[in-house]
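My entries follow in the order I made them.

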Amino acid sequence: MADPLPFGLHIVATPIGNLGDLSARATEVLRRAALILVEDSRVTGKLLKHIGATTAMRRYDDHSNAAERGRIVALLHDQAVALVSDAGTPLISDPGYKLVRAARAAGAAIH
């Protein structure tokens, strides 16, 4: 059995277009994380189905507020949580930067 993922927030880039472009490392993180934060579960659900992952998903998007960020940050000290956007790398043009900033302030690991 593989070693567990380190606790904290794992930033995962997703393919833009071809699901086959997902990296092996991203696949492993998405399969092994305790939770995946997603913009749209329908979009990420297709990706997870493609790689055979059954990881739980929770919405994290422009409508997520500070209280929700706080609840997520609390998980990072004892769980591996992945953050994805619908396509590309989270943080470039989505609210992921707010979560990373809050996680850093709380001393959580960012991977």
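I began with a helix pair: T27, L30 and R31 of α1 meet L47, L48 and I51 of α2, where contact means heavy atoms within 4.5 Å. Helices (H or I, at least four residues) and strands (E, at least two) are DSSP runs, numbered from the N terminus. I sorted the residues of this α1 and α2 contact into four nonpolar, one polar and one charged. Ala, Val, Leu, Ile, Met, Phe, Trp, Tyr, Cys and Pro count as nonpolar, Asp, Glu, Lys and Arg as charged, and the others, Gly among them, as polar.

The model is predicted: local features need pLDDT of at least 70 and side-chain atom pairs pLDDT 80 or more, while totals for chains, interfaces and linings use all residues. Residues are numbered from 1 along each chain as its sequence is written, and side-chain values use heavy atoms, with hydrogens and water left out.

Next I looked up the geometry of the pair. The axes of α1 (residues 24-32) and α2 (residues 41-51) come within 11 Å and cross at roughly 105 degrees. That makes α1 roughly perpendicular to α2, a label for angles of 65 to 115 degrees. The axes are lines fitted to C-alpha atoms over the stretch in contact, with angles from 0 to 180 degrees between N-to-C directions.

Which residues of helix α3 are buried? In α3 (residues 66-75) I found E68, R69, I72, V73 and L75 buried, meaning under 20% relative accessible area with a 1.4 Å probe, protein chains only; exposed means over 50%. They cover an arc of only 150 degrees around the axis, so they lie on the same side of α3. The arc is taken from the directions from the helix axis to the C-beta atoms. A66 and A74 are exposed on the other side of α3. The cover over the buried residues includes β2 (35-38), β3 (57-59), β4 (80-83) and α4 (96-105).

I then checked the start of α3. N65 caps its N-terminal end, with a side-chain oxygen 3.1 Å from the backbone nitrogen of A67.

S64 sits in the loop between β3 and α3. S64 counts as buried because its relative accessibility is 10%. Its side chain reaches the backbone nitrogen of D61 at 3.0 Å. Leaving out residues up to four places away in sequence, S64 touches R59 and R69.

My last entry is G107, in the segment after α4. G107 has 58% relative accessibility and therefore counts as exposed.

Key. Angles under 35 degrees count as roughly parallel, over 145 as roughly antiparallel, 65 to 115 as roughly perpendicular and the rest as oblique. A polar contact is a pair of N or O atoms within 3.5 Å; within protein, one must be able to donate a hydrogen and the other to accept it, and residues adjacent in sequence count only if both atoms are side-chain atoms.
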